[in-house]
Amino acid sequence: MKKLIFAFVMLAASPLAAQNQDLGLPAPEGGEVVTTGTEASGEEAEGGLTFTVTDESDWQNLTVAIPGFATDRDVPTPASTDGTAALGRDIARIITANLRNNGLFQPIGPDQLPQPGFAQITEPAWSTWVSRSNEMLVHGYVRGREDGRLVVGCYLYDVALQDELVREGWVIPPADWRRAAHKCSDLIYSRLTGESPFFDSRIAYIAETGPKNARVKRLAIMDSDGANHRFLTLGSATALTPRYSPDYKKLLYLSYVDGNPRIYVYDIGTGRQQLVAETGNPTLAPRWSPDGSYILYSMAVGGNTDIYRVPATGGQSVRLTDTPGIDIGGSYSPDGSRIVFESDRSGSQQCYVMNADGSGQRRISFHGGRCATPEWSPRGDQIAFTRIAGDFNIAVMEPNGRNLRVLTRGWQDEAPTWAPNGRIIQFFRTTRNSGRTSLYQVDLTGRNERKLPTPVDASDPAWGPILP
Amino acid sequence: MNKTFATAMLLGSTVALAACGQKAPEDIPPPPASTVPEAPATTPTTPAGPSVGSQAHFEQSINGQNVIYFDTDRFNIDSADAAALQAQAQYLAQYSSVSITLEGHADERGTREYNLALGERRANAAKNYLVSLGVAAGRIQTVSHGKERPVALGSNEQAWAQNRRAVSVVIN
């Protein structure tokens, strides 16, 4: 009898319980990283540096030496089992891997280099590095503070000029120590290429396991280099198409948790989620506006799918498209004024642009084949999309539809997502017959294509912006 | 072209069920498995046959015509689909307490989100046809699985033709 009563209570509480029943433990929120002066040096950074690199082919061949970061005092830290000295070498290894994996420069890591002392971080032993023919030199330090937090400094030197190019320092909670390596990677990359940073960012995606006709699809997140991987859902309900909010506090994604496709907004800190729109209809393809104030979603009513916009805080939805057929997806221009989306109103999937209020809809893809899953570059100058012309490939074009360039040649490459700086595109590749999926990335130039390491098969990548 | 194949397959499975002597063409794959988790109650231990209103009873009564097939990117109801839906409508007219879910599916050769919308469109096309035959709309739910739940696992035209489908499933 008690069991019966219990079951009844569970049923009565089902609306909320059903929404949450596929959720795992919430991910711990990252701590705050504060940019600070680089305390190891008493000198002011010199202004008026004249060294610039503008030609990509030149900087690709730069050798960058990255010896272990030094520590003033080897102290225990929760960030490492071996204290701050070992942590300094790990940070240098991560920077080396970041640059190497992305085809940037010719990095040489701490395991191939002499270890500088703490005093040499601001006064490099030039003769050592000149004799090794290293063109660029990265130095850094790790200091354990009394309050448990870490101070990490990062310096980039030009060996030929024997001069400092840039420096920065950060105060970080020990649990976020890898972010110091990403921030230093970004500092080096930005200073040497003139591009905006991208390493200090995260990726949401769908982790896939199981046979082709019964794939288990779980919401998962990881750092841009694959570290700090977490599953956010348990896999009892199919999860698809995640999108990080610009502040990384929330994730939009599609879940079948109540048996039907519906989009939810998942709060990463609390581990709770709610429906984006209270409707009896299927909701698909969630997207954030660049400032996070609006959510785009697509809703099928009687088989006809259109794109809607709703304030992220809730409220009245506005319908942006109303043609017969499938209008779906949507990706804002970085200034929020326009939206590129997909529609089959012409008879096949093609890409269209409209103003953010739904006015001025016009087709931009006229290059043969189909245009699907368009994503506006964070730099605004390109739109990446899935080009379907026989096989599925990742391609880019300008927002007016001109200058199509096909970047990949897989059998089925789909769903591009941009790096925060608009220089790299991730996507997922499906293998013919087996149906197995993997995340890949490729440069905007079409070079440096590589498979990203994930614990299991992976699809639907969504690259977030630079971490706040 | 694909439609022809699907029709042939549908007829093939119907023929097999009817235990007719006509030989099916050799390249016809086995009919799609039921999407219903529980096995049909047509085992030797239940000689009485499936109970009225069960999925097995539904499928048996309409000669396995609980699945209809679509051309690439299409959602129109052709004559083979219409015949299957008419059989379904007759069953639903006879057993007025039975409700169904129409599951819409797409093949793997489409992008994920578009295929979810396409599956919904196919499920609704089938639903609208049943409603036009007099089935109350409130007895038919729809759900799209896009390309997430294929029945044929290959990456070829035959497999894709089997996966572009709408499946009628009795709600218990």
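# A tour of chains A and B

Select Ile203(A) to begin: its bridge partner is Met222(A), which sits in strand 9 of chain A. Before you go on, keep in mind that this is a predicted model.

**Stop 1: the sheet around your selection**

Now widen the selection to strand 8 (residues 201-209) and strand 9 (residues 216-223) of chain A. The two run antiparallel and are joined by 8 bridges.

**Stop 2: chain A as a whole**

You're looking at 6 helices and 31 strands. The radius of gyration of chain A is 24 Å, close to the 23 Å that the globule rule gives for 468 residues, so chain A is as compact as a globular protein of that length. Along the principal axes, its C-alpha atoms fill a box of roughly 75 × 65 × 40 Å. How much of chain A is buried? Buried residues make up 49% of its 468 residues. Look at the contacts in chain A with a separation of 6 or more, too: 48% of them come from residues 24 or more positions apart.

**Stop 3: the nonpolar cores**

Next, select Tyr205(A), Tyr253(A), Tyr297(A) and Ile425(A). In the largest nonpolar core, which has 82 residues, these four touch the most other members. Center on Ile425(A) and see what surrounds it: leaving out residues up to four places away in sequence, Ile425(A) touches Ala384(A), Ile394(A), Leu407(A), Pro416(A), Thr417(A), Trp418(A), Gln441(A), Val442(A) and Leu444(A). Another core, of 42 residues, lies apart from the largest one; Leu156(A), Tyr157(A), Ala181(A) and Cys184(A) are among its members. In soluble globular proteins, nonpolar side chains tend to be buried together.

**Stop 4: helix 4 of chain A**

Select residues 83-101 of chain A. This is helix 4, with 19 residues; from its first C-alpha to its last it reaches 27 Å, close to the 27 Å expected at 1.5 Å a residue. Show the side chains and pick out the buried residues, including Leu87(A), Ile91(A), Ile94(A), Ile95(A) and Leu99(A). An α-helix has 3.6 residues a turn, so residues three or four places apart point the same way. What covers the buried residues of this helix? Among the elements doing so are strand 5 (136-144), strand 6 (150-158) and helix 6 (177-193) of chain A. Just after the helix, click on Gly103(A), which takes a positive phi of about 65°.

**Stop 5**

Jump to strand 13 (residues 262-267) and strand 14 (residues 272-275) of chain A, an antiparallel pair joined by 4 bridges. Asp267(A) stands opposite Arg272(A) of strand 14. The hairpin has 4 residues between its strands, and Gly271(A) there has a positive phi near 75°.

Ser133(A) has a positive phi of about 60° although it is not a glycine. Find Ser133(A) in the loop between helix 5 (126-131) and strand 5 of chain A. Then try Tyr248(A), not a glycine either, with a positive phi of about 65°; look in the loop between strand 11 (239-244) and strand 12 (250-255) of chain A. Which is buried and which is exposed? Ser133(A) has 9 C-beta neighbours inside 10 Å, so it counts as exposed, while Tyr248(A) has 21 and counts as buried.

**Stop 5: over to chain B**

Bring chain B back and look at where the chains meet. The contact takes 31 residues from chain A and 21 residues from chain B. On the chain B side, helix 4 (112-132) and strand 3 (140-146) are the elements that give two or more residues. Helix 4 of chain B gives the most, with 10 residues. Color the chain B side by class and you get 9 nonpolar, 5 polar and 7 charged residues.

Finish at Ser99(B), in the loop between helix 3 (79-94) and strand 2 (100-105) of chain B. With 17 C-beta neighbours inside 10 Å, Ser99(B) counts as partly exposed. Setting aside residues up to four places away in sequence, Ser99(B) touches Arg139(B) and Ile171(B).

Definitions and conventions. Residues are numbered from 1 along each chain as its sequence is written. Chains are lettered from A and ligands numbered from 1 in the order in which they are written. This is a predicted model: local features need pLDDT of at least 70, side-chain atom pairs count only at pLDDT 80 or more; totals for chains, interfaces and linings use all residues. Two residues are in contact if their C-beta atoms, placed from the backbone, lie within 7 Å. Ala, Val, Leu, Ile, Met, Phe, Trp, Tyr, Cys and Pro count as nonpolar, Asp, Glu, Lys and Arg as charged, and the others, Gly among them, as polar. Two strands pair if DSSP finds at least two bridges between them. The expected span of a helix is 1.5 Å times one less than its number of residues. A residue is buried if 20 or more other C-beta atoms lie within 10 Å of its own, exposed if 12 or fewer, and partly exposed in between; C-beta atoms are placed from the backbone. The radius of gyration is taken over C-alpha atoms; the globule rule is 2.2 Å times the number of residues to the power 0.38. A nonpolar core is a set of buried Ala, Val, Leu, Ile, Met, Phe, Trp, Tyr and Cys residues joined through C-beta atoms within 7 Å.
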